[in-house]
Amino acid sequence: MTKRITSRSVSLTSTFLLLAAGGVAACDNDDTQDEGFYCADANGVVVDEDNCDDDGNTGVGGVGLLPFFIWHSASYRPGYAVGTKLPPGGSRFAYNDRAARQRFGLPTTGRVTNGTVKTSVVGKGGGGTGKTSGKSGG
Amino acid sequence: MRRVPYGPVRDGWRLTNYSLGLTYNDTELPDGTMVSYWQEGPYYEFSAAEIEELETATSTLQAMCIEAGDWMVRQCPRHTVQGRREGYFTSICNPESCFLARIGIPEYTHEQIIRTWFDGDADTWTHYDKDPDMRLPMQTPDYSPSVYGRFDLWYNGAGTTPKLLEYNAQTPTSLVEAAVIQWHWMDQTNLTDHPWRQWNSIHERLTGWEPTPGEPGDPGAWRRNINKLREARTWLPEKPKIFFAYETSETSGEDRMNVAYLMATAEEAGYPVELIAMSQIGWDVAGDRVLYVPAPGQEHKAEPIDIIFMLYPWEWFWNEEGGKAFFRNMADPEKRGTVWIEPPYKAALLGNKAILPVLWKLFGDDAERGKYLLPAYFAESSSAASLKSYAKKPVWGREGGSVTLVRDGATVVDNPTEYGTDGRFVLQELCELPSFDGLEGTVHPVLGSWLIDGEPAGMGIREGLGDEGLVTRDSCNFVPHIIK
């Protein structure tokens, strides 16, 4: 690399100058909540996600043709195994309710993986990971 | 090296600095008083010979750190294919068998730390290393971009030798003030006739420059790194989008503006960029991908992240919920995983204080290079017990947190924080910062020596006041410099 001791000029992009002037920053998720999604039966017991796959025509099936639901709540954490009773307080909609799926940003048809896309999995801003506040740099 | 306590005070300097990005100037002290982080008036003068000495020290230290990194990865059983085979289902890294485990780095990260360290070296880490059973189509070696870092040095001018205090390798800040604010201060005050004016080519080493008569051009750190990445990942577009993430719970604006500045230099180098919050980095469980998710519930607007810079310590990241998934994604032998700038080796091998005893072990007896080092040992070692005057530093600490200075067995300064609760410390022989008389009292400078793309690139000076200021912490000031 060429030896250069001092920059000849230090010009800044308009994006940066706008930020310096108090412009739009990254939107954090402090004011919103993560939502966890699980395929479960009417009692809120987690079942295999295939049961909520309306492409496979298996959404209504199983013993005694029980209906299955997509249950959701901000309090659901990832990793509940099949057979687990979901924590209380969740809401549900029919596995094939396209409008409800769309409202939550889920695929309108097909499978919804249990514990699907999540945000705030790293960082302290929105996730409540319990880190003490402080600078990330040094 | 001379401190000038009464320099010019520019009209409207606060507003000028603010408009150039120093939006976090006013600092509230624990007692509630507000102080200015930027010091307008005092400045430092250096001779060209002193700058050359600092440049040489910086290059030499960087070369030693690379050798130290090589030594560290060899102390992990996972650096061989055989080790990774044995460790596929069982734990093989523990404090007895593995240096990385000894300093508290989770075992699941070790392979990617080693892989990113060796990336770009065609002979050392091949497709076979990632895919020993050769189940996937053969791939060329990958590349892990790194653009910057900062050594903190002790130095007291001609006749003294710069000494390494620590290496901020992954998340160095004070970049805006070093690269931009003090450059414009120098340009506006015009205090020197020396052609070098200031040791500060940070900006142009990031963005590159056009050739001029007598001087070839330079593509700059961003283009050089992204071009190398594209050689390794040929499916990336010519101008791949680079995301820049910062931690929004840091409310002073310092993290935000440091990241925004780096982003602006990448933008100037020609790349599409986007500034995001750490918490907007999402994990697509079904697709096994890292995504930018604008907000929960807006996953349908998510965008895959090919390349991301984050100002966020890996040692926090790899202990958080998303850590394992992101490291698994990184391990894709087909190189489709997200590229993280700076790579995990920057924290695991270079940016924590364990490098200090490793450097001393490897180079303490090297007459030519060891002069830039201070004796340093792990706190639990017998050598550490022989030190009577030392700085005790947590292996995983920042901003001077939990650093204690001990002189002749008596504590001079301490700075209790949450850092060091894991009990991992190093002891470094005490080398108290130089003292200069200032208007406010005795001040102590630490010299931040910047590396851009592994090359010395400039300097930013931070000063502490009084005995407390012997440990550089976030209440310390920034003072500009010139070359006279």
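**View 1. A salt bridge joins E215(B) and R8(A).** The closest N and O atoms of this pair are 3.2 Å apart. A salt bridge here is a side-chain nitrogen of Lys or Arg within 4 Å of a carboxyl oxygen of Asp or Glu. Across the interface of chain A and chain B, the rule finds 3 salt bridges. By class, the side of chain A that touches chain B has 17 nonpolar, 28 polar and 9 charged residues. Asp, Glu, Lys and Arg count as charged; Ala, Val, Leu, Ile, Met, Phe, Trp, Tyr, Cys and Pro as nonpolar; the others, Gly among them, as polar.

The model is predicted: local features need pLDDT of at least 70 and side-chain atom pairs pLDDT 80 or more, while totals for chains, interfaces and linings use all residues. Residues are numbered from 1 along each chain as its sequence is written, chains are lettered from A in the order in which they are written, and side-chain values use heavy atoms, without hydrogens and water.

**View 2. Chain A meets chain B.** The contact (heavy atoms within 4.5 Å) takes 54 residues from chain A and 89 residues from chain B.

**View 3. E50(B) sits in helix α2 of chain B.** This helix, a DSSP run (H or I, at least four residues) numbered from the N terminus, spans residues 48-74.

**View 4. The E50(B) side chain reaches M1(B).**

Note on methods: Helix = DSSP H or I, 4+ residues; strand = E, 2+ residues; numbered from the N terminus. Polar contact = N/O pair within 3.5 Å; in protein donor to acceptor, adjacent residues only side chain to side chain.
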